[in-house]
Amino acid sequence: MSTLAPRAAAEQSSLPLGGEDPIWNAFRTELQKLGAQLTSRLLAVICIAGPFAFAAVLKAQSGTPSDALFGAWVHSSGFAISLVILGFAGTWGFPLIAGLLGGDLFASEDRHGTWKTILTRSCTRTDLYAGKLLAAGALAVALTLLLAVSSVLAGVLLVGAHSLVDLSGVLIPPGRLLGLTLLSWLLCLLGMMAYTSVAILFSVATRNGIIGVLGPLLVALLTQLLDLIGRGVGVHLLLIGSAFDGWHGLFTTHPFYGPLLISSLVSVAWIAACVTTSWRILRRRDFLATTVSRAPDWRTPVRIVALATALLAVLALLANVGPAGDTAHRLSAAIGEEFNNVTLLQQQLIGRRVPAGAKLDVLPACNRRAAKAVGPGDWNCTLYVYLPQAHSVPFQQTSVEYDVSLEYNGCYKAQSPPAFIGGPTMLDAHGHSVTNPLYIVYGCFNTL
Amino acid sequence: MDAVRATGLDKRYGTTTAVDGVDLAVAPGQVRGLLGPNGAGKTTLLRMLFGLIHPDAGSVELLGRPLDGLGGGALEEVGGFVEEPAFYPYLSGRANLTLLARLDAGPSATAVERALARVGLERRGEDRVAGYSTGMRQRLGLAAALLRSPRLLLLDEPTSGLDPGGTRTVAALVRELATEGVAVLLCSHQIGALERVCDAYTVLREGRVVWDGSAAELVAQAPASAYALATSDDEQALRIAAEQVGVRAGRSTRGELALAVHEGCLDAFVFALGDARVAIRRLDLLVSPLEAMFFALTSDGAPLAELEPVELAETVLAGAER
């Protein structure tokens with residue numbers, strides 16, 4: 001043993017450090033570099049500890065992030081915490097992670113003057129580019145999965161693996177909920193890769209790490225601004241942000257996959273465009289100077305801001321082009337069915353027996369406030385409920401008013417004054433305080 | 001087969017011509033010095049040889065393999081660096097070499113240790129490069145070049161930032177590698193450092209090759225070398241110099257004697273001084289044949305051969321200081 005161990009060590013140290021495949025060698029090299037950097041380590045820590053901190057803070061207070069989809073349910077189901085985090089991540093988290101991972105990946109070689117060091121080895125530019133791309137992609141996937149697992153664990157451990165009301169008002173059991181939640185995270189991977197590709201493009205094109213990091217955030221901001229305007233679905237579906245909406249269709253009684261499919265194709269198109277462009281820039285580049293000047297250059301940011309503004313203006317003009325996704329008919333149909341489901345659920349929670357197949361006779365009427373009844377924004381829905389009675393008048397009519405905040409992607413949050421449907425919490429049949437399913441209603445409909 | 005064969009290399013940036021129709025060849029075992037004033041195109045040429053810059057015209061073959069401009073396979077067994085070596089400051093010297101060894105696929109951990117030891121960095125291998133001095137980075141650059149057991153070394157100012165001991169070590173290392181058959185292209189503005197190690201020279205000016213040949217040819221063609229002379233009788237020395245073939249002498253503004261001596265003419269002058277019982281107290285080489293040739297080829301002023309010795313020395317030294 002004593003003679004074998006040193007021999008094995010000697011043999012090990014005489015083995016080539018790299019393998020046969022140059023792309024694999026470049027990939028491992030990039031992973032080693034990324035792993036040694038504080039940013040990557042910090043991101044990993046945030047992805048692991050962040051959801052636990054978020055869940056702990058929510059648990060310590062009575063308030064809820066009710067504006068976020070499933071936000072009102074964070075005290076009732078751990079899975080709601082994971083889905084709320086997924087919603088935040090889709091808006092700002094993924095662009096930030098992608099920017100921090102990919103935005104400095106190429107620009108840092110300019111900052112350290114190391115392009116000439118690595119390009120004069122046995123790897124070609126193609127190998128190095130592919131290695132960097134794969135490393136950024138692998139880390140982006142790893143961090144996304146880490147965040148997914150961590151958020152589910154945080155929710156389940158701190159709140160509990162309880163069932164959750166879906167986006168049609170139906171209770172989903174924990175087992176299926178776990179599957180749907182993890183699947184939703186997985187479906188966001190393509191969008192995450194698209195943002196990473198954008199970061200890489202900014203990094204290669206500007207050779208500036210700060211712009212590389214901010215690039216995806218700029219795209220996300222642009223997406224956010226466009227989401228506020230325009231009634232057409234066309235432009236929205238072409239933005240990377242749509243990739244983080246696709247999973248909503250899984251949480252409805254009648255799942256819809258159209259937006260998911262289109263946003264996946266759009267993500268692939270963004271990835272292809274960014275990767276191709278950045279590769280062409282890198283392939284044709286002459287590596288002249290040793291270091292990039294650290295003197296602040298105001299021209300590049302100004303050009304980027306000008307370009308982004310021009311792009312935003314064009315997209316804003318195009319935002320009304322194409323069929324409207326948010327219509328009064330779609331909203332009325334969705335909220336009417338959902339109101340029926342959550343009312344029955346509320347009755348079950350307070351211990352009343354609800355026969356199988358029971359259904360309310362609901363007539364919804366939705367209108368957009370102070371505007372044409374299409375597009376995202378503030379809506380008002382009145383739900384006329386007809387209750388059967390054994391009198392001369394066969395039906396008694398009662399109405400419930402909901403203030404609806406509708407987004408471009410067909411998702412909405414509807415809230416009614418407590419006078420109509422009670423407060424945010426109520427007592428169930430066992431005397432426990434539970435979330436009132438009628439107080440805030442989340443829903444989504446297919447905009448295609 | 002030449003280790004480097006560059007033919008008709010051109011590189012232009014807008015209206016500026018950085019490299020203009022350069023042909024260059026380095027044979028195995030040869031140490032070729034690449035000389036030129038600032039802006040002559042040395043670094044651009046070196047970057048083109050490494051595939052970092054795409055030439056507008058011309059072709060490059062390294063060790064018989066054509067360079068396609070994307071590096072990689074054509075750079076197998078080619079080591080070196082251009083301008084000052086650069087590494088990842090947040091990694092240790094050893095980690096940097098390990099990373100480069102992985103990109104090369106071939107070298108082992110043992111090779112990394114060997115390379116570190118060869119440049120005297122074995123004890124500082126675990127330190128982060130951020131804490132390295134310029135000289136240590138230069139040594140690490142050499143280690144990175146040697147890591148892949150090169151058959152061709154392209155080195156840009158390899159002694160820059162090194163102390164005199166380090167400079168001598170590098171010179172000895174280059175000669176040692178050349179005797180092993182390694183072809184070396186050495187780019188430096190420290191002409192003295194090149195003079196001791198190069199077998200051949202290529203001189204660039206404004207992107208063009210203005211001289212190319214062996215060290216012996218250069219010495220033979222070089223204009224007069226310049227010396228500072230102090231004797232027991234300077235007036236007598238001046239008179240003797242005036243009678244000597246290939247020797248011109250004068251007095252500098254500080255009253256010192258300066259000589260311009262053509263190759264092979266110094267010995268006769270020294271013997272003549274001895275015969276006249278004039279003692280030589282100091283004879284310093286101010287301008288070597290290589291330096292004289294370099295400045296003759298790259299200066300814009302009057303031909304050096306026509307200058308007075310004092311002017312020659314002062315012109316050359318002023319040029320060197322620039």
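With 27 C-beta neighbours inside 10 Å, Phe70(A) counts as buried; a residue is called buried if 20 or more other C-beta atoms lie within 10 Å of its own, exposed if 12 or fewer, and partly exposed in between, with C-beta atoms placed from the backbone. Phe70(A) sits in the loop between helix 3 (38-60) and helix 4 (78-102) of chain A. Its phi is near 70°, a positive value in a residue other than glycine. Helices (H or I, at least four residues) and strands (E, at least two) are DSSP runs here, numbered from the N terminus.

Before going further, a word on what you are looking at. This is a predicted model, in which local features need pLDDT of at least 70, side-chain atom pairs count only at pLDDT 80 or more, and totals for chains, interfaces and linings use all residues. Residues are numbered from 1 along each chain as its sequence is written, while chains are lettered from A and ligands numbered from 1 in the order in which they are written.

You will find Glu83(B) in the loop between strand 6 (78-81) and helix 2 (93-104) of chain B. With 18 other C-beta atoms within 10 Å, Glu83(B) is partly exposed.

Now step back to the whole chains. Chain A has 448 residues, 48% of them buried, and its secondary structure holds 15 helices and nine strands. Its C-alpha trace spans about 95 × 65 × 35 Å along the principal axes. Two residues are in contact if their C-beta atoms, placed from the backbone, lie within 7 Å. Of the contacts in chain A with a separation of 6 or more, 71% join residues 24 or more positions apart.

In chain B, 48% of the 322 residues are buried, and there are 11 helices and 14 strands. The C-alpha atoms of chain B fill a box of roughly 70 × 45 × 35 Å, taken along the principal axes. Here, residues 24 or more positions apart account for 69% of the contacts with a separation of 6 or more.

Two packed helices are described by the angle between their axes and the distance between the axes. The axes are lines fitted to C-alpha atoms, for helices over the stretch in contact, and angles run from 0 to 180 degrees between N-to-C directions. Helix 2 of chain A and helix 7 of chain A have axes that come within 7 Å and cross at roughly 50°. That makes helix 2 of chain A oblique to helix 7 of chain A; angles under 35 degrees count as roughly parallel, over 145 as roughly antiparallel, 65 to 115 as roughly perpendicular and the rest as oblique. The crossing of these two helices is right-handed, a crossing being left-handed if the near helix is turned anticlockwise from the far one by less than a right angle, and right-handed if clockwise. Among the residues that meet are Ile23(A), Phe27(A) and Leu31(A) from helix 2 of chain A, with Leu128(A), Leu134(A) and Leu139(A) from helix 7 of chain A. By class, this contact has 11 nonpolar, two polar and three charged residues; Ala, Val, Leu, Ile, Met, Phe, Trp, Tyr, Cys and Pro count as nonpolar, Asp, Glu, Lys and Arg as charged, and the others, Gly among them, as polar.

Helix 2 of chain A also reaches across to the partner chain. It packs with helix 2 of chain B at an angle of about 160°, with their axes 8 Å apart. That makes the two helices roughly antiparallel, and their crossing is left-handed. Asn25(A), Ala26(A), Arg28(A), Thr29(A) and Gln32(A) meet Leu99(B), Arg102(B) and Leu103(B) there.

Finally, how confident is the predictor? pLDDT is its confidence in each residue, from 0 to 100. The mean for chain A is 85, with 90% of residues at 70 or more, and for chain B the mean is 85, with 91% at 70 or more. The complex is given an ipTM of 0.81 and a pTM of 0.83.

Methods
pLDDT is the predictor's confidence in each residue, from 0 to 100.
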